[in-house]
Amino acid sequence: MTSLLSAKQLLPILLLCISFFFMASPLHAQEVVVYSARMEQLIKPMFDAFTTETGIKVKFTTDKEGALLARLQAEGKRTPADVLITSDAGNLWEAARAGLLKSISSPILEANIPVQLRDPQGQWYGLSIRARTLVYNKEKVDPSELSTYEDLANPKWKGRLCLRSSKKVYNQSLVAMMIAEHGEAKTEQIVKGWVANLATEPLSDDTKAMEYVAAGRCDVTLVNSYYYGRLMETSPNLPLVIFWPNQENNGVHINISGAGVTQHSKHEAAAIKLLEFLSSEKAQNLFADVNFEFPANPQIKPSPVVTSWGDFKKSPMNMIKAGELQATAVKLMDRVGYR
Ligand code: FE
């Protein structure tokens, strides 16, 4: 009868068994699940690049931000999602407030993303910047007439202004950041002035507002810069020009599109790796350029098209204000009849 194996002979067999166990376990089959309010064509190229670099697979679902937040809330601990990607600091702040995101710390993210563009608790990080700025009809406006957001309340713009509805978070965040800058009373006067100058009822989206300006139904509007990029790409002959306001004082209002790790992520390490990758030199242009946005990582230059809009001074306001003052902003807009 063959003798029993000695401890020395057993050890390599044991090690082999352990390594087989880990290779077969779900821990090793690395993947990360993303809920994204950014459209598939804006995120898929970066996820593919991430998988190529790390071997970690990315599964994703896209939907409107409200639906994704409701889903995370309903799924609770059972959620398969590891990462939430959405636009606007107001939405990211709301997700954090609702307890859907987890504080993470990462020296890479802290080095790549400026303090202004991320949550102080590490619950969300900006990955691209969009400017909420002015677009005017060059056949009807001399750019020397334009100066600031506040000046759009001047009666000289009566019947010349178009605005998107106050129901969209973009305007809520803009007004919230104006409250942080000017206080509530002064902001109320400014927004009241805007409403008095409207040429039409508030419009359903930024593109429609620019189409109204192009058609001569109003002279100037306030939009996120990437909508200007998208519209001019398809209709380059429209008489629309982008204008950077407040260059003599506080700078242009900016906002972000960004991401956070979910509270109940089952693949936290892989999720952090994905965020780090998205903030890196390799992915920042993929993230920003595809939507005519500005990279959040200051080491990276925007695309040639976005660069062609000219350099401008950005407001140094911390993105957190968009969330903290959102409810105050909504009430203010309601009070002055901004629908
Ligand atoms: Fe948008």
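The donor residues of the iron ion follow the sequence spacing Y-x55-Y-Y. Donors here are N, O and S atoms within 2.8 Å of the metal (3.2 Å for Na, K and Ca), and water is not among the atoms, so sites may look incomplete. The model is predicted: local features need pLDDT of at least 70, side-chain atom pairs count only at pLDDT 80 or more, and totals for chains, interfaces and linings use all residues. Residues are numbered from 1 along each chain as its sequence is written, and side-chain values use heavy atoms, with hydrogens and water left out.

**Iron site**

- The protein donors are Tyr170 (OH), Tyr226 (OH) and Tyr227 (OH), which lie 2.0 Å from the iron ion.
- Tyr170 is in helix α6 and Tyr227 in helix α9, so this pair ties together parts that are 57 residues apart in sequence. Helices (H or I, at least four residues) and strands (E, at least two) are DSSP runs, numbered from the N terminus.
- Tyr170 is buried, at 6% relative accessible area, and Tyr227 also counts as buried, at 11%. Buried means under 20% relative accessible area, exposed over 50%, and partly exposed in between (1.4 Å probe, protein chains only).

**Largest pocket**

- The largest pocket holds about 420 Å³ of space. Its lining has 18 residues, and those closest to the centre are Ala37, Met39, Lys64, Glu65 and Tyr170.
- A pocket is found on a 1 Å grid over the protein atoms alone, as an open set of points where a 1.4 Å probe fits, with protein on both sides within 12 Å along at least five of seven lines; lining residues have an atom within 4 Å of a point. Grid points are joined across faces, edges and corners, and the volume is the space filled by probe spheres set on the points.
- Domain 1 (20–129 + 256–307) and domain 2 (130–253 + 317–335) both give residues to the lining of the largest pocket, so the pocket lies between them. The domain bounds come from an automatic or database domain assignment.
- Helix α9 (residues 225–234) gives the most to this lining, with 3 residues.
- The lining of the largest pocket divides into 6 nonpolar, 4 polar and 8 charged residues. Ala, Val, Leu, Ile, Met, Phe, Trp, Tyr, Cys and Pro count as nonpolar, Asp, Glu, Lys and Arg as charged, and the others, Gly among them, as polar.

**Second largest pocket**

- About 360 Å³ of space lies in the second largest pocket. It is lined by 18 residues, with Phe294, Ile300, Pro302, Asp311 and Lys314 closest to its centre.
- Two or more lining residues of the second largest pocket come from each of β9 (294–295) and α12 (304–307).
- This lining divides into 11 nonpolar, 4 polar and 3 charged residues.

**Salt bridges**

- The count comes to 19 salt bridges, each defined as a side-chain nitrogen of Lys or Arg within 4 Å of a carboxyl oxygen of Asp or Glu.
- Lys168 pairs with Glu65 in a salt bridge whose closest N and O atoms are 4.0 Å apart. Lys168 lies in the loop between β5 (161–162) and α6 (169–182) and Glu65 in helix α3 (residues 65–75), so the pair ties together parts that are 103 residues apart in sequence.
- Glu75 forms a salt bridge with Arg71, with 3.3 Å between the closest N and O atoms. Both residues lie in helix α3, 4 residues apart, about one turn of the helix. Glu75 is buried at 17% relative accessible area, whereas Arg71 is partly exposed at 34%.
- Lys140, Glu145, Arg160 and Asp219 are linked in a network of salt bridges.
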